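Colleague: I would like to learn how to read a model of this kind, feature by feature. Where should we begin?

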Amino acid sequence: MTALARHRRLSAAWASGPGWKGWFSTVNHSDVGRMFLVTAFFYFLVGGILAMLIRAQLATPHSAFAGPGIYSQIFTMHGTIMMFLFAIPAIEGMAIYLLPKMLGTRDLAYPRLTAYGYWCYFFGGAMLLVSLLFGIAPDGGWFMYPPLTGRIHSPGINTDFWLIGITFVEISAICAAVEFTVSILKYRAPGMSLARMPIFAWYMLVVSLMILTGFPPLILGSILLELERAFGMPFFQVELGGDSLLWQHLFWLFGHPEVYIIFLPAAGVVSTVLPVMASTTLIGYRWVVAAAVALAILSFGLWVHHMFTTGIPHMGLAFFSAASTLVAVPTAVQVFAWIGTMWKGTPRLHLPMLHILGFFVTFVIGGLTGVMVAVVPFDWQVHDTAFVTAHLHYVLFGGFVFPILAGIYYWLPLASGRRRFFRLGNVAFALIFIGFHVTFLAMHWVGLMGQRRRISTYAPEDGWTAINLISSVGGFVLAFGLVIVLIEIVLHLVVPRRSRRNPWGAGTLEWAVPMPPPAYNFASLPRVTSREPLADDPDLGVRLARGEGYLGDARGGLRETLMVDIATGEPEQHVVYPANTRLPLVMAAVTGVFFLSLLLKLYWLTPLALAGVAVLGWRWVWQLGSDTDLGCQPVGHGLALASASETDRPPGWWGSAFLLVANATLFGSLLFGYAFLWTVAPGWPPAAFMEPSLLVLVAAPAGAALAVAGIALAVRRNRIGGDPTAALLAALAGALCLAGAFALLLAGAPHPTGHAYGATLWVLGCYGLVHALLVALMLAFLLARQRAGYVSRSRRAELAIVPVWTGYLAVVTALILAAVYLPGFAA
Amino acid sequence: MSDLLRILVSPAAWLACFSAIYGLSGIVCAAGPGAAVADGSGPRMVLVIAFLLAVLLQVGLLALVWSARFGAEPGLVRVVSRISAVTGLVATVWTLFPVLAASACL
């Protein structure tokens, strides 16, 4: 087969639908990555306009530009949009677009999940945007502290938009994190061991694990605050056993790692682009990987440094002050590795390099002021002043926007196949760099002079007028610079000057695909023998296009790829992806109906939306698998691999395992909240404990045991060629029995509005009930699949997934029962 | 997955111990005014013992990661897991040292 014939066959299998209608059904990672990036930069524009409004307001004293109410909406939405609708989705978009190409594969692990994540982001972001247009946007600050955001002080719908819209958007982040984790671990080019992975993939692996463990506390906090606002469950009301500090803990358990979730991918971009710009390789690759891991985990031990002024005892302050200073060490390891790389190589001052230098200067200053605010007495002085606002902008703009701009200019020729024609970027960089430092150096200064954050105005006699005016002028210069970047990118896309292949002389695999990349990325998959395959073999791209790699024969119009062993990268399984479908869009829309029903208090619609999600989820999974045994599939080079549906560790098993990591973090956060209220909040212990129910105490463990034993027996029966139906029915009965036990527990629980104790028990019971019903649904699905002929002794993948969920259900059942009844027994 | 475990186990253990001892300090302080002056007293000793156990755990993990039996094969994972193990130990000593020096509940 010629390269052109192969290209045509693969394109027919992988391409999205024609025209704009294709956007709604595409599941291809390049398409979805581009959609993420375009949407994220649209929100960057919106957030930037809001920033200009803030600077216009503060440019002069006694400004009448915006009243305090509108101003509160503006600064709240500026922070919210930049953090949740720009930074994280931009990272997701970039990683979705690049990772499969860098890893030498054809798509991410779950293409439909990629598309579902995008549409959740699209609809969730649209909810917040609509609130802004109608003047009912969130106005409680981007971290939404109660009691200000409780229903007493914020009775309108503004806060609900934030709580529900952001939770909706965070589904997208969780989907992407599962996707990236499994893709990086299992979907790589043959031979790409962990030691040969591109450094960007290491960073994204670390970040994905951080998202899985960092986002659930905020999701839980948002659920609890919305329950308080909508139904009066007093988690944060101190007079009823709640505590507003619980919100701060849950928020910053998310919020501090969030800073590193934003920074680390940008550091991954720097670690990728900088060596190419310096015509060398990254110095200390292994130390950089270790530093990224250390930084990620240390970042989870810093959350209380945002709460130094809340009256925490000295010992607690000292713990978090020490941890906050420690985090500078792995950051410095990376900075020194980058400096060493420049020293070793020959840096070329191309535009990406200019942005990297801008990053260095800005981020190091931000890091140093970070060490300053880690010192408790200094933090007490500057807490909630403009100094902290300036610090966080140095860290986030310096640590994220400069590297992302470097990455955009670096990978733009890859995505477009074109080279820059108009040289506006250098002017833009100068304006951005100068504008940024004028704006935020001045803001440090005025913060040290006592200007508080979020104030809508000030008096001339405060002495802040000139500095604020300088800051505002700098802000507009910065904005002009960013507009020029936008203009240059648009011009780049409309002026057809073809770029040569691999214009920077990079060694990583994304430059081995044709430019612009076709939907299938690689006509055949490469075998990797080093960290920079393209540097070893500059003709690799041509050889792959000739079909000299794996899966080069484009059989039967299928979207094929390989799964590999995590450590060695040796091929393990043959995977066939699902094709284009509108199912992710429809599923996200129905998920959106669920969130809208909560926002608009249309509670009759909520169960209907949930049922819709369940039906679509059923259809989603039903489309996978096969009703005939496939056996081993030839993948090229004389190798034949088992089909993923005929293994014990299919893609769904890996996805479930990492999704449960996020789920367990959410549950752990709930238990933490319970313990926190018990030990810290006033009004505890409650006046009366919940009466133990013998029926619940018997039915719940029995149901869990039956479910676990039933599914284990079903797996064993199937393995020896027997009929698993009876065992599956027993497991289903167990799950339903457990659901009944949780319903009984809820019926006997104290009223959830009387005290935070009752509210917490109610949430624990609902958590158990939802999971019991979910497992029951999975077991019913297995029964249906078994009857329809999709399960056989060989086709055992689906049977391998459900025990993971059943086991998790059993563990949380034990913990819920202990949390609910042990305090009563002890008392 | 075992390679990932080798890399993550020590810093993750630090995070668990750090959070647990912070929680423990809260429980000690919630126990009543007697715990407020916690120097050489029972509550202080509880915290010190927890600190020492956390350090011991990290030393044990360091030895495991370094050992021929449980450590990784030569290469990237071995180097990174050893650096992570040292990080876990240093972080435990540095961030939990205040149990020996700071006032507990003031």
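Colleague: Which residues of chain A does UniProt list for "domain: Cytochrome oxidase subunit I profile"?

Modeller: This is a predicted model, so keep that in mind throughout. The unreviewed UniProt entry lists residues 8-529 of chain A for that profile. In the model the span is 68% helix and 0% strand, and its end C-alpha atoms lie 29 Å apart.

Colleague: Where does UniProt place "domain: Heme-copper oxidase subunit III family profile" in chain A?

Modeller: The record, again an unreviewed entry, puts that feature at residues 569-825 of chain A. There the chain is 69% helix and 7% strand, with 52 Å between the end C-alpha atoms.

Colleague: How does the end-to-end distance of helix α5 of chain A compare with what its residue count predicts?

Modeller: The expected span is 1.5 Å times one less than the number of residues. Helix α5 of chain A, residues 111-133, has 23 residues and should therefore span 33 Å; the distance between its end C-alpha atoms is 33 Å, in agreement. After α5(A) comes Gly135(A), with a positive phi near 70 degrees.

Colleague: Is α7(A) largely enclosed or largely open?

Modeller: For burial, count neighbours: a residue is buried if 20 or more other C-beta atoms lie within 10 Å of its own. By that count 29 of the 33 residues of α7(A) are buried, so the helix is largely enclosed by the rest of the structure.

Colleague: Why is Met52(A) called partly exposed?

Modeller: Met52(A) is partly exposed because it has 16 other C-beta atoms within 10 Å, and the class runs between the cut-offs of 12 or fewer for exposed and 20 or more for buried. Met52(A) is part of helix α3 of chain A, residues 29-58.

Colleague: Which residues is Met52(A) in contact with, leaving aside its neighbours within four places in sequence?

Modeller: Met52(A) is in contact with Gly475(A), Phe476(A) and Ala479(A). Take Gly475(A): in sequence it is 423 residues from Met52(A), yet the C-alpha to C-alpha distance is 6.9 Å.

Colleague: Now the strands. How many residues of strand β1 of chain A are buried?

Modeller: Six of the six residues of β1(A), residues 559-564, are buried, so the strand is largely enclosed by the rest of the structure. For a strand, examine each face in turn. Arg559(A), Thr561(A) and Met563(A) lie on one side, Glu560(A), Leu562(A) and Val564(A) on the other, and all are buried.

Colleague: Which way do β1(A) and β2(A) run, parallel or antiparallel?

Modeller: They run antiparallel, and six bridges join β1(A) to β2(A), residues 571-577 of chain A. To follow the pairing, read off partners: Val564(A) is bridged to Pro571(A), and Glu560(A) to Val576(A). The hairpin has six residues between the strands, and in it Gly569(A) takes a positive phi near 75 degrees.

Colleague: What else does β2(A) pair with?

Modeller: Strand β4 of chain A, residues 639-643, pairs with β2(A) in the parallel sense over two bridges. Opposite Gln573(A) stands Ala642(A) in β4(A).

Colleague: Where does UniProt place the feature "transmembrane region" in chain B?

Modeller: The unreviewed entry gives residues 46-67 and 79-101 of chain B. Residues 46-67 of chain B are 95% helix and 0% strand, with end C-alpha atoms 31 Å apart. Residues 79-101 of chain B are 96% helix and 0% strand, with 34 Å between the end C-alpha atoms.

Colleague: How many residues of chain B are in contact with chain A?

Modeller: 35 residues of chain B are in contact with 26 residues of chain A. On the chain B side, α1 (2-30), α3 (76-96) and α4 (98-101) each supply at least two residues. The most comes from α1(B), with 14 residues. By class, that side of chain B has 26 nonpolar, eight polar and one charged residues.

How values were computed:
Residues numbered from 1 in each chain as written. Chains lettered and ligands numbered in written order. Predicted model: local features only at pLDDT ≥ 70, side-chain atom pairs only at ≥ 80, totals over all residues. UniProt positions renumbered as here; feature names shortened; annotations may be inferred. Helix = DSSP H or I, 4+ residues; strand = E, 2+ residues; numbered from the N terminus. Contact = placed C-beta atoms within 7 Å. Nonpolar A, V, L, I, M, F, W, Y, C, P; charged D, E, K, R; others polar. Pairing = 2+ DSSP bridges.
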